[in-house]
Amino acid sequence: MNPFCYIESPRVSAQIFETDAAHPHLTRLIAELDAYQYPLYPPESFQGINITELDDGEITCFMARVDDDWAGCACLFITKHGLAEMKRVYVNPLFRGQGIASLLIAAIEKKLKMLGHYELFLETGVFQEKAITLYEKLGYCRTEAFGDYALCPDPLSVYMMKPVR
């Protein structure tokens, strides 16, 4: 697996890899994310999806590796209607505060532009305040429910969007 990009910063030296949705380390990271989120929300508000079952569009997944550890993940999903959504962003607690989520999001934004799309949406939960703060710092603004979320907006969801140029 070749790195999508290699980034060194004062806080972390990480490789960001583009990978298959069924990669076993990605599956493990997403399971960690689900275990973190399940206690935060009632079942009807849990928005976690199985990325290997997304068949109405195109999915591109990224993982961050620090030394020999898989530190985090994030996925880009583009629906058959062309709506681009960031999904399943997660950094293992041992690696938080080092800028890894920002690196993963930058990789998604780079890939989005390479694919010719220029708006990126996301859904997160109201109890994930650190994630919301990060997204706002990176230029994401709150918006109305979008795509399939618009069919039944959840009061425990926060919907955000960023023009990516």
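A nonpolar core, as the term is used here, is a set of buried Ala, Val, Leu, Ile, Met, Phe, Trp, Tyr and Cys residues that are joined through side-chain atoms within 4.5 Å. The model described is a predicted one.

**The nonpolar cores**

The largest nonpolar core has 31 residues, and those that touch the most other members are Met 86, Ile 100, Leu 104, Leu 120, Tyr 135 and Tyr 140. At least two residues of this core come from each of strand 2 (13-19), strand 3 (57-66), strand 4 (69-79), strand 5 (84-91), helix 2 (100-114), strand 6 (119-125), helix 3 (129-137) and strand 8 (157-163). Helix 2 gives the largest share, which is eight residues. Apart from this core lies another of 12 residues, including Phe 17, Leu 26, Leu 29 and Met 63.

Thr 60 lies in strand 3 and is buried, because its relative accessible area of 6% is under the 20% limit. Not counting residues up to four places away in sequence, Thr 60 touches Glu 18, Ala 74, Cys 75, Leu 76 and Lys 111.

**Aromatic rings**

| Pair | Centre to centre | Angle between planes |
|---|---|---|
| Phe 146 and Tyr 149 | 5.1 Å | 70° |
| Phe 146 and Tyr 159 | 6.0 Å | 90° |

The pair of Phe 146 and Tyr 149 is edge-to-face because its planes stand at 70°, where over 60 degrees is required. Phe 146 counts as buried at 6% relative accessibility, and Tyr 149 counts as buried at 13%. The pair of Phe 146 and Tyr 159 is also edge-to-face, and both of its residues are buried. Since Phe 146 lies in the loop between strand 7 (141-142) and strand 8, while Tyr 159 lies in strand 8, this pair ties together parts that are 13 residues apart in sequence. Ring pairs link Phe 121, Phe 146, Tyr 149 and Tyr 159 into a cluster. Elsewhere, Arg 96 lies over the face of Tyr 36, at 5.6 Å from the ring centre.

**Helix 3 and its two sides**

Which residues of helix 3 are buried? They are Ile 132, Leu 134 and Tyr 135, and they line one face of the helix, because they fall within an arc of 160° when seen down the axis of helix 3. On the other side of helix 3, Glu 129, Lys 130, Thr 133 and Lys 137 are exposed. The cover over the buried residues of helix 3 includes strand 5, helix 2, strand 6, strand 7 and strand 8. Just after helix 3, Gly 139 takes a positive phi of about 100°.

**The chain as a whole**

The chain has three helices and eight strands, which follow one another from the N terminus as β-β-α-β-β-β-α-β-α-β-β. Of its 165 residues, 47% count as buried. Among contacts between residues at least 6 apart in sequence, 61% join residues at least 24 apart. The chain exposes about 8800 Å², of which carbon and sulfur atoms supply 53%.

Terms used. Residues are numbered from 1 along each chain as its sequence is written. This is a predicted model: local features need pLDDT of at least 70, side-chain atom pairs count only at pLDDT 80 or more; totals for chains, interfaces and linings use all residues. Side-chain values use heavy atoms; hydrogens and water are left out. Buried means under 20% relative accessible area, exposed over 50%, partly exposed in between (1.4 Å probe, protein chains only). Helices (H or I, at least four residues) and strands (E, at least two) are DSSP runs, numbered from the N terminus. Rings of Phe, Tyr and Trp (its six-membered ring) pair if their centres lie within 6.5 Å; planes under 30 degrees apart count as stacked, over 60 as edge-to-face and the rest as tilted. A charge sits over a ring if NZ of Lys or CZ of Arg is within 6 Å of the ring centre and within 35 degrees of the ring normal. Contact means heavy atoms within 4.5 Å. The arc is that of the directions from the helix axis to the C-beta atoms. Accessible areas come from the Shrake-Rupley method with a 1.4 Å probe; for residues, only the protein chains shown count as cover.
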